[in-house]
Amino acid sequence: MITLTQVRKSFGEVDVIPGIDLAIEDGEFVVFVGPSGCGKSTLLRLIAGLEDTSGGIISIDGVDATDLPPAKRRLAMVFQSYALYPHMSVRKNIAFPLKMAGMDPAEQERRVNHAAKILNLGNYLDRRPGQLSGGQRQRVAIGRAIVREPTAFLFDEPLSNLDAALRVSMRQEISELHQSLKTTMIYVTHDQVEAMTMADKIVVLNAGRIEQVGSPMELYRSPANLFVAGFIGSPKMNLIEGPEAAKHAATTIGIRPEHIDISADGPWEGVVGLSEHLGSDTFLKVNAGPLGTLTVRAGGEVMMHPGDTVRMAPQPGKLLRFGADGKAMA
Amino acid sequence: MARKVSNTRKAVVTAAAWTMGFLIFFPILWIIILGFKSEGDAIKTPLQVLFSDWTLQSYHDVQERSNYGRHFWNSVILSVGSTLIALAIAIPAAWSMAFVPGRRTKDLLMWMLSTKMMPAVGVLVPMYLLFRDFGLLDSRIGLVAVLTLINLPIVVWMLYTYFKEIPGEILEAARMDGASLRSEILYVLTPMAVPGIASTLLLNIILAWNEAFWTLQLTTSQAAPLTQFIASYSSPEGLFYAKLSAASTMAIAPILILGWFSQKQLVRGLTFGAVK
Amino acid sequence: MATAHSRTAARLMLSPAVILLLLWMIVPLGMTLYFSTLRYNLLMPGMETFVGFENYYYFVNQPAFWAALSNTLILVLGVLCITVVGGILLALLMDQPFWGQGIVRVLVIAPFFVMPTVSALVWKNMFMNPVNGIFAHIAKALGLPPFDFLSHAPLASIILIVAWQWLPFATLILLTALQSLDREQQEAAEMDGANGFQRFFYLTVPHLTRSITVVILIQTIFLLSVFAEILVTTNGGPGTASTNLTYLVYAQSLLNYDVGGGSAGGIIAVILANIVAIFLMRMIGKNLEA
Ligand SMILES: Nc1ncnc2c1ncn2[C@@H]1O[C@H](COP(=O)(O)OP(=O)(O)O)[C@@H](O)[C@H]1O
Ligand SMILES: [Mg+2]
């Protein structure tokens with residue numbers, strides 16, 4: 001269990017993290033998600049001990065770890081750049097934390113081989129990192145993290161240097177790893193798809209503040225505010241202001257593209273501006289006059305052309321209402 | 001990108017470049033040749049010199065008469081010793097500046113460099129008197145200390161520019177892996193920086209080997225390196241061209257070889273990273 | 001990256017270097033400053049008296065000082081002219097494709113690795129000696145009277161020797177700069193219709209300017225304190241014809257045992273070098289940000 005109490009961080013004058021409270025349960029897969037520069041890495045590095053806090057308390061398994069050096073926190077980290085030791089073989093890379101812990105060589109050997117088996121690295125143990133592909137390097141970095149059997153794993157955007165296809169398969173591998181190890185994982189990403197697919201619990205960060213904490217479906221169904229509403233979900237939720245919102249006694253109303261139906265007797269009318277056929281789905285950009293431009297997900301077989309006029313209806317109960325302060329209304 | 005260059009043009013450039021190379025190298029070539037001649041032949045006209053007999057006599061004479069060996073070892077000890085000590089002091093310092101930079105780091109680097117720009121002659125008198133009073137004149141210890149200090153700024157600078165190229169995340173990874181600061185520097189940073197450390201080592205051995213102000217001022221015989229040994233030939237006693245050449249060849253050969261290995265790093269080291 | 005732990009460690013590991021250099025800078029320089037205000041002769045120990053700026057007055061007002069100052073400047077400027085112009089030409093030549101580039105490069109760099117005493121003695125004896133030197137042999141072969149370089153043109157001869165040592169440095173740095181020229185930029189300019197000369201003046205020259213400045217500044221630092229070459233060739237003579245500031249200070253303090261006067265000269269040399277150093281540091285400092 002990792003608990004942050006009023007944790008703050010400023011670099012000189014700049015308050016990057018003005019004060020965060022958060023509890024991470026044992027065995028949880030927690031994802032910190034938010035736009036670039038919002039302080040995700042900083043928060044992770046505070047937990048790791050690579051940066052000092054400017055205030056607040058970080059406790060790990062009930063022990064105050066705020067002033068412990070990274071080496072004493074029993075956490076393992078996987079960096080965006082992998083940060084492998086280029087002068088050591090894969091075997092030595094993975095064994096390095098064990099060597100630092102002064103473990104006996106036979107046990108080191110056993111653990112390295114075990115990790116290599118889990119991660120399919122058996123054939124590469126004697127290569128240098130430079131001779132590996134991006135995905136293999138990522139696995140070595142993970143191997144180096146798991147051999148120590150840490151209290152928790154910290155990942156900082158581990159997949160952002162991989163190509164799209166590899167990203168999907170590594171994502172699944174990390175999820176499977178979590179299921180088999182059942183160790184706490186804290187995972188930082190700016191990609192909400194990764195957050196949605198991997199997390200038990202998502203922490204949405206914006207400008208160093210927590211906007212919302214919850215399971216992926218909670219965030220999807222009931223975003224706490226406009227920021228989360230706009231950030232989670234792809235394509236983005238449609239946000240409508242003005243008279244249409246006033247009809248629902250709100251400042252802003254939100255409706256996801258998949259919750260708008262094309263129907264001849266719908267209340268909204270618009271002109272198709274663009275239609276993207278993905279095969280399974282068709283995304284329409286509809287110019288709906290006073291409502292603004294709406295994104296609508298239609299079935300894969302729907303054939304619409306720019307210039308066509310459509311009528312649309314929001315699905316009942318899917319409309320979200322937000323007040324003047326941007327917070328969701330009940 | 002690579003384009004065909006006409007062969008005539010290439011031939012002209014080749015001829016010009018080789019001519020220039022030959023002219024610039026000629027003085028060195030000439031002492032190498034003279035070293036293998038007898039004193040009598042060495043002062044003849046160039047053509048006569050070329051076609052006279054070859055002999056190892058001068059090398060024998062130099063070895064026997066003037067204690068070449070002792071001077072050679074002094075040069076080795078002074079240059080290698082001062083460089084190793086400077087490295088031992090500079091590696092931790094460069095680690096600090098490269099990986100834990102503060103607001104003052106840049107000023108500190110510039111200040112270190114500025115000590116290098118102080119002309120030696122500005123402190124000649126006190127250094128001479130200090131050495132005299134502490135009985136360090138003509139001692140290797142004193143000279144090693146001076147050479148260490150005059151090269152320390154360059155060593156720190158070179159290491160700093162090399163360390164800057166190593167991603168900090170790798171050192172952080174080591175820290176997460178439970179490495180102490182000592183292990184971090186010993187097992188991760190130093191091995192990764194081996195090429196940089198090696199070229200720093202090489203360049204500074206060269207600079208210390210050729211240092212010809214303090215070595216001339218502060219030594220006479222016991223601790224005198226090759227610079228002083230060669231300088232002792234400046235007052236000629238009879239025919240000495242061949243012996244001077246043989247001695248010179250032996251004095252410059254090791255460093256010529258090291259130097260050719262380090263040409264690339266030379267630029268970087270001597271311009272304090274301003275030209276790479 | 002920094003935590004309190006690492007910052008403390010950093011300070012600790014930085015301190016030996018800083019303290020040593022601080023001592024190295026302050027102690028001897030402070031002593032020089034102090035001595036420069038004393039009447040202090042090594043042959044008369046215990047007779048030191050405070051004289052204020054008198055040493056500076058006498059040092060500056062001896063004819064040798066002005067000779068040494070102008071010799072220092074002529075030496076620096078002469079060597080700079082030869083090495084910079086020669087270096088640019090050589091670098092441009094060596095940047096062209098030709099057979100045996102690696103070997104020629106090695107030949108050209110070699111003089112830089114020759115220790116100053118060796119190069120000075122070799123030039124003095126094997127080349128400039130009026131009886132047995134190669135130049136004398138060539139003069140004789142051409143039916144000309146041999147020229148005694150070190151007696152009749154001592155400063156020019158020393159300039160030649162020092163320039164030979166530093167030409168490789170200039171060449172190597174300028175060649176490195178040329179080779180780091182952006183080829184795509186050159187090609188873009190060619191597509192834009194710039195001819196060879198235009199490309200040279202509008203792209204190559206500006207690119208080289210920075211490196212030339214670096215060469216000039218660094219060489220100046222070293223050239224201001226040329227010593228061994230003078231010591232083993234002319235001993236500053238004849239008269240003061242080849243005495244530079246460094247040699248004058250050496251002669252005054254260690255040959256004439258006038259510690260006070262020598263120290264005053266040393267301080268003047270430091271001031272002179274610092275003027276150059278300020279420019280150099282600016283250049284390097286700017287580069288630190290990049
Ligand atoms: N060492 C530092 N010094 C000053 N500002 C920093 C430092 N590290 C990060 N920041 C600033 O803190 C903010 C958050 O950075 P970061 O945590 O890396 O964001 P993220 O990982 O979410 O993209 C950014 O505005 C960044 O510029
Ligand atoms: Mg980040």
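This is a predicted model: local features need pLDDT of at least 70, side-chain atom pairs count only at pLDDT 80 or more; totals for chains, interfaces and linings use all residues.
Guide: What follows is a short tour by question and answer.

Visitor: Which residues are around ligand 1?

Guide: Phe11(A), Val16(A), Ser36(A), Gly37(A), Cys38(A), Gly39(A), Lys40(A), Ser41(A) and Thr42(A), taking a residue as near if one of its heavy atoms lies within 4 Å. They divide into three nonpolar, five polar and one charged. In that scheme Ala, Val, Leu, Ile, Met, Phe, Trp, Tyr, Cys and Pro are nonpolar, Asp, Glu, Lys and Arg are charged, and the others, Gly among them, are polar.

Visitor: Which helix gives the most to that shell?

Guide: Helix H1 of chain A, residues 40–48, with three residues. Helices here are DSSP runs of H or I with at least four residues, strands are E runs of at least two, and both are numbered from the N terminus.

Visitor: And what lies at 2.5 Å from a ligand 1 oxygen?

Guide: A polar side-chain atom of Thr42(A). An N or O atom in the side chain of Ser41(A) is 2.6 Å from an oxygen of ligand 1, and a polar backbone atom of Lys40(A) is 2.9 Å from a ligand oxygen. The protein covers 55% of the 570 Å² of accessible area that ligand 1 has on its own; areas are by Shrake-Rupley with a 1.4 Å probe, and for residues only the protein chains shown count as cover.

Visitor: How many helices and strands does chain A have?

Guide: Nine helices and 18 strands. The C-alpha trace of chain A spans about 75 × 45 × 30 Å along its principal axes. Of the 330 residues in chain A, 51% are buried, meaning under 20% relative accessible area, with exposed over 50% and partly exposed in between (1.4 Å probe, protein chains only).

Visitor: Which residues touch the most other members of the largest nonpolar core?

Guide: Phe32(A), Trp95(B), Phe163(B) and Trp214(B), in a core of 227 residues. A nonpolar core is a set of buried Ala, Val, Leu, Ile, Met, Phe, Trp, Tyr and Cys residues joined through side-chain atoms within 4.5 Å. Helix H8 of chain C, residues 154–179, supplies the largest share of this core, 17 residues. Apart from it lies another core of 42 residues, including Tyr82(A) and Met170(A).

Visitor: Now chain B. Is Thr215(B) buried or exposed?

Guide: Thr215(B) is buried, with a relative accessible area of 1%. Thr215(B) lies in helix H12, residues 214–218.

Visitor: What does its side chain reach at 2.6 Å?

Guide: The backbone oxygen of Glu211(B). The side chains of Thr215(B) and Thr227(B) are joined by a polar contact of 3.0 Å. A polar contact is a pair of N or O atoms within 3.5 Å; within protein, one must be able to donate a hydrogen and the other to accept it, and residues adjacent in sequence count only if both atoms are side-chain atoms.

Visitor: And Ile206(B), what does that touch?

Guide: Leaving out residues up to four places away in sequence, Ile206(B) touches Ile255(B), Leu258(B), Gly259(B), Ser262(B) and Phe113(C), where contact means heavy atoms within 4.5 Å. Ile206(B) is buried, at 2% relative accessible area, and lies in helix H11 of chain B, residues 194–210.

Methods. Residues are numbered from 1 along each chain as its sequence is written. Chains are lettered from A and ligands numbered from 1 in the order in which they are written. Side-chain values use heavy atoms; hydrogens and water are left out.
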